[in-house]
Amino acid sequence: MSLFSAVPIIVVVPQLLRANAAGQPATVSSLIGATISYVLFLQQFLHIYSIIYNFIQQAALTAPSFQSLRMMLTPEPGKFAQIALAKAGSPAAGLSPVLSIKFDGVSMHFNGRGIFEGLEFSIPGGKLSAIVGQSGSGKTTIFNLLLRLLDPTGGRILINDRLLEQIDEKQLKKLMGLIPQDPFIFNCSLRENLLMASADGFDDTLLDRAVDLAQLREFVESREGGLDFIAGHMGRNLSAGEKQRLALARLIVQDPEIIICDEYTANIDVKTAGLIHEVMRNEFSGRTRIIITHQLYTIKGADHIVVLDKGTIAQAGTHEELFAQRGVYKDLWELQKLT
Ligand SMILES: Nc1ncnc2c1ncn2[C@@H]1O[C@H](COP(=O)(O)OP(=O)(O)OP(=O)(O)O)[C@@H](O)[C@H]1O
Ligand SMILES: [Mg+2]
């Protein structure tokens, strides 16, 4: 019996029983009343049902963003991460402040389809590295593996010889910061968006510095309420470049040990992209930084470049070393010159 066919019985039968108990036949008016109750109930039910359905649909669509967000927004800035790491007995205790990354025979399969098989490469600690490769070569999969949004189907990922999976999730969140293609901006004030990455007892001078470094000052001062200006749902009151600069300021507040950027230049203007590069080079100098990109000119000066091709590491080295070789890297450059 469906809910809809059950409801008339639930609503109308008590009316009849009440009337019967009182020794009177059910009147037309009591039945009309019961029918109106049913129609009103149905209306309410359909309304609530549509709200729940829409919510589930939205949640399913944004689930990856929520997960990325969990990683991006840490309760404490990275500079406190060392204190956390030093805590006796913590799985990451004793990690050196300079964090290197190693993919040790990593395999990744999606529904039986292999993306990588025994992938081997290292990202040096405290340096600016880049991962390049053609579309579909597995760059974002590496990003997701590092953030533990995915777990490898084989092999190990190590951070300073410590298994990534053994590092406490809370500590990992403190260590890793990211600049994704579409930063997640909350529907609250600019200040709250920035402070989400801050520790208790956060001091305003760091917030000011982050706003200045991310070149948000002019934007903030031109908006009603300044830092109390509301960003809107998914940051709709900000342009793509402003959202990316807000995410950059949040990263400066977070101050993580490892920074991973995946195609962050895709939606923004050249000026904002240049600014992010500058902050990555100067402000985060000495941190382990990984830039995943298609735009090869942006990573020419990287300390280390890893070239992915069809699920394998085709080459690794500096721009000069790779360019001197006849290989995938040089081919990618030639291709970009033509486009
Ligand atoms: N969750 C998933 N389920 C099934 N296949 C997936 C999943 N995620 C990625 N893939 C597949 O894995 C391969 C690598 O995808 P990935 O997103 O890592 O590539 P990419 O190098 O980042 O590409 P692009 O440069 O276009 O962003 C692709 O063939 C993709 O279709
Ligand atoms: Mg990608």
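**Salt bridges, sheet and helices in a predicted model**

D309 and K310 form a salt bridge in which the closest N and O atoms are 3.7 Å apart, the term being used here for a side-chain nitrogen of Lys or Arg within 4 Å of a carboxyl oxygen of Asp or Glu. This is a predicted model, in which local features need pLDDT of at least 70 and side-chain atom pairs count only at pLDDT 80 or more, while totals for chains, interfaces and linings use all residues. Residues are numbered from 1 along each chain as its sequence is written, chains are lettered from A and ligands numbered from 1 in the order in which they are written, and side-chain values use heavy atoms, with hydrogens and water left out.

The two partners of this pair fall into opposite classes of accessibility, where buried means under 20% relative accessible area, exposed over 50%, and partly exposed in between (1.4 Å probe, protein chains only). D309 counts as buried because its relative accessibility is 19%, whereas K310 is exposed because its relative accessible area is 73%. Salt bridges that share partners also join D208, D212 and R217 into one network.

Another salt bridge brings together the side chains of D255 and R287, at 2.6 Å from N to O. This pair links distant parts of the chain, since D255 lies in the loop between α9 and β7 and R287 in the loop between α10 (270-281) and β8, 32 residues apart. D255 counts as buried, because its relative accessibility is 16%. By the rule given above, the count of salt bridges comes to nine.

The elements named here belong to a protein with 12 helices and 10 strands, taken as DSSP runs numbered from the N terminus (helices H or I, at least four residues; strands E, at least two). Six of the strands form an open sheet of mixed pairing in the order β6-β7-β8-β3-β9-β10, two strands being paired if DSSP finds at least two bridges between them. Its edge strands, each of which pairs on one side only, are β6 (176-179) and β10 (312-317). Neighbouring strands of this sheet are turned by 20° against each other on average, direction ignored, with axes fitted as lines to C-alpha atoms, for helices over the stretch in contact, and angles running from 0 to 180 degrees between N-to-C directions. Inside the sheet, β3 (residues 128-133) runs parallel to β9 (residues 304-309) and is joined to that strand by five bridges, with V132 standing opposite V307 in β9.

Helix α4 (residues 139-146) packs on this sheet, touching β3, β6, β7 (258-262), β8 (288-292) and β9, and its direction makes about 150° with that of β7; contact means heavy atoms within 4.5 Å. Helix α9 (residues 240-254) lies across β6 and β7, and runs at about 165° to β6.

For the protein as a whole, residues 24 or more positions apart account for 71% of the contacts with a separation of 6 or more. Buried residues make up 45% of the 339 residues. Among the cysteines, C188 counts as buried because its relative accessibility is 13%, and C261 does so at 0%. The structure holds zero disulfides, a disulfide being a pair of cysteine sulfur atoms within 2.5 Å.
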